[in-house]
Amino acid sequence: MTYFDTQLVHGQSVGDNSTRAVNPPIYNSSTFAFETVREYPRWDYARSGNPTREAVEKQVAALEHGIAGFAFSSGLAAIHAALSIFDPGDHIITGDNIYGGTYSIIHEYFERWGLSFSEADTTSEQALEDAFISAQQAGKKVKAVYFEVLTNPLLKMSDVSVVSRIAHKYGAIVIIDNTFVTPFGQQPLDAGADIVLHSATKYLSGHSDITAGVAVTNSEELASKLYFALNRVGGALSPQDCNLLRRGIQTLALRMERHQSNALTVAQRLENNQYVTHVNYPGLPSNAYHALASEQLHTFGGVLSFEFDDRVDAEKMLDSLELFTVAVSLGAVESLAELPCRMTHFELPREERLKHGITDGLVRLSIGIEDVRDLIEDLDQAIHAALR
């Protein structure tokens, strides 16, 4: 199979099925029989491997153009695995606008392991170069750059090829969170990245019915380290959830096309709203990252954020929504709305949030696949209800 949409539907066979069933079976068994004591089976214990899990792992690896994929019980479990491959004393440069859960696991967990971290604006080649120089001058061993292709929640975009070139020049690997973009939008491994992560809870599954994470790499060495973290820590995705993830992936392209179409329409409507000061969405020609996104991404995604002027109470606007669901997460068929300062990024200290532009009034929308006219009507009535 050559083309992406076909790969979404058919996946990758693991050679387990002699029944000719159209869909891969769900193997609920926790253990698998040995032929003999000396003949080690392909699968022996479900934490170490499972045919249902292997099917979806092979599929995401193929979609991301990697050699190996791994399915975890959550996106944060995948992030944990990627960061756990480093040793005490290693230094990691992160993007300056990352998911709150990532920020928390870095500063509340991995710093206790003896890893050290610094931030850089990965959208700026010079800023990233300066971060490497500063770390070296401080005697740090920079082993990786970690960032999001489209950041959460400000939708800033980094050029993966530029970040990879600089990181590899200094002997560091590149770890990318590709959740917002998905392999439908970009395959970062092709641009030089070494590990690609997804919160598969979001667009890959697409229906708000599982939590899942995936990691993909094109390096045998890194694949071995990621598998060790998956197998020994034990954060593997269950067979039932692997099947739901596989099923969600089948419609990824169809969903992403509608997500983008709706998001662009909503973004344009908000940009022209008299009460909105600015909209963060790379699909808008006015956006600072529009040219780069148009050149490198197949989709602008379905997430946008924006702020009101003083005439609208952002909290009241969210509480007045009727069709949008006020909830964390994103990337599902239903539209969601949230206030990052209170919800997805509450782990960041307020001064840290404000430093990076995540204000108390910033609203993030995950645009679903409903009729966009209903979404616009709901936003319009909620804004009107929230006028001070």
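Predicted model: local features only at pLDDT ≥ 70, side-chain atom pairs only at ≥ 80, totals over all residues.
Visitor: Let's start with helix α4, residues 100–108. What makes you say that α4 is largely enclosed by the rest of the structure?

Guide: Seven of its nine residues are buried, so the helix is largely enclosed. The buried ones are Gly100, Gly101, Thr102, Tyr103, Ser104, Ile105 and Ile106. To be called buried, a residue must have under 20% relative accessible area.

Visitor: Now histidine 65. Why is histidine 65 called partly exposed?

Guide: Its relative accessible area is 41%. Buried means under 20% and exposed means over 50%, so a value in between is called partly exposed. You will find histidine 65 in the loop between α2 (51–63) and β1 (68–72). Its phi is near 60 degrees, a positive value in a residue other than glycine.

Visitor: What about serine 329: what is its relative accessible area, and what is it called?

Guide: Serine 329 has 23%, and is partly exposed. That value falls between the 20% and 50% cut-offs. Serine 329 sits in the loop between β10 and β11, and its phi is positive, about 80 degrees, although it is not a glycine.

Visitor: How do you know which strands are the edges of the five-stranded sheet?

Guide: Follow the order, β8-β9-β12-β11-β10, in this open sheet with mixed pairing. The edge strands, β8 (276–280) and β10 (325–326), each pair on one side only.

Visitor: What makes β11 and β12 a pair?

Guide: Two strands pair if there are at least two bridges between them. Three bridges join β11 (residues 336–338) to β12 (residues 363–366), so by that rule they pair. These two strands run antiparallel, and glutamate 338 has arginine 364 as its bridge partner in β12.

Visitor: Which helix packs on this sheet?

Guide: That is α10 (residues 252–271), which touches β8, β9 (303–308) and β12. The direction of α10 makes about 10 degrees with that of β9.

Visitor: Why are α5 and α6 called roughly parallel?

Guide: They pack at an angle of about 20 degrees. Angles under 35 degrees count as roughly parallel, and α5 and α6 are therefore given that name. Their axes are 10 Å apart, and α5 passes α6 in a right-handed crossing.

Visitor: Which residues meet there?

Guide: From α5 come Glu125, Leu128, Glu129 and Phe132. Among those they meet in α6 are Val162, Val163 and Ile166.

Visitor: Which residues have the most contacts inside the largest nonpolar core?

Guide: They are Leu304, Phe306, Phe308, Met317 and Leu365, in a core of 85 residues. Helix α10 gives the most to this core, with seven residues. Leaving aside neighbours within four places in sequence, phenylalanine 308 is in contact with Tyr275, Val276, Thr277, Ala314, Met317, Val363 and Ile383. Another core, of 32 residues, lies apart from the largest one and includes Ala144, Ile173, Leu197 and Leu226.

Visitor: One last stop: where is the cis peptide bond between asparagine 152 and proline 153?

Guide: Proline 153 is in the loop between β4 and α6 (160–169). The bond from asparagine 152 to proline 153 has an omega near 15 degrees.

Key. Residues numbered from 1 in each chain as written. Heavy atoms only, no water. Buried < 20%, exposed > 50% of the residue type's maximum accessible area, 1.4 Å probe, protein only. Helix = DSSP H or I, 4+ residues; strand = E, 2+ residues; numbered from the N terminus. Contact = heavy atoms within 4.5 Å. Axes fitted to C-alpha atoms, helices over the stretch in contact; angles between N-to-C directions. Core = buried A, V, L, I, M, F, W, Y, C linked by side-chain atoms within 4.5 Å. Parallel < 35°, antiparallel > 145°, perpendicular 65-115°, else oblique. Left-handed = near helix turned anticlockwise from the far one by under 90°.
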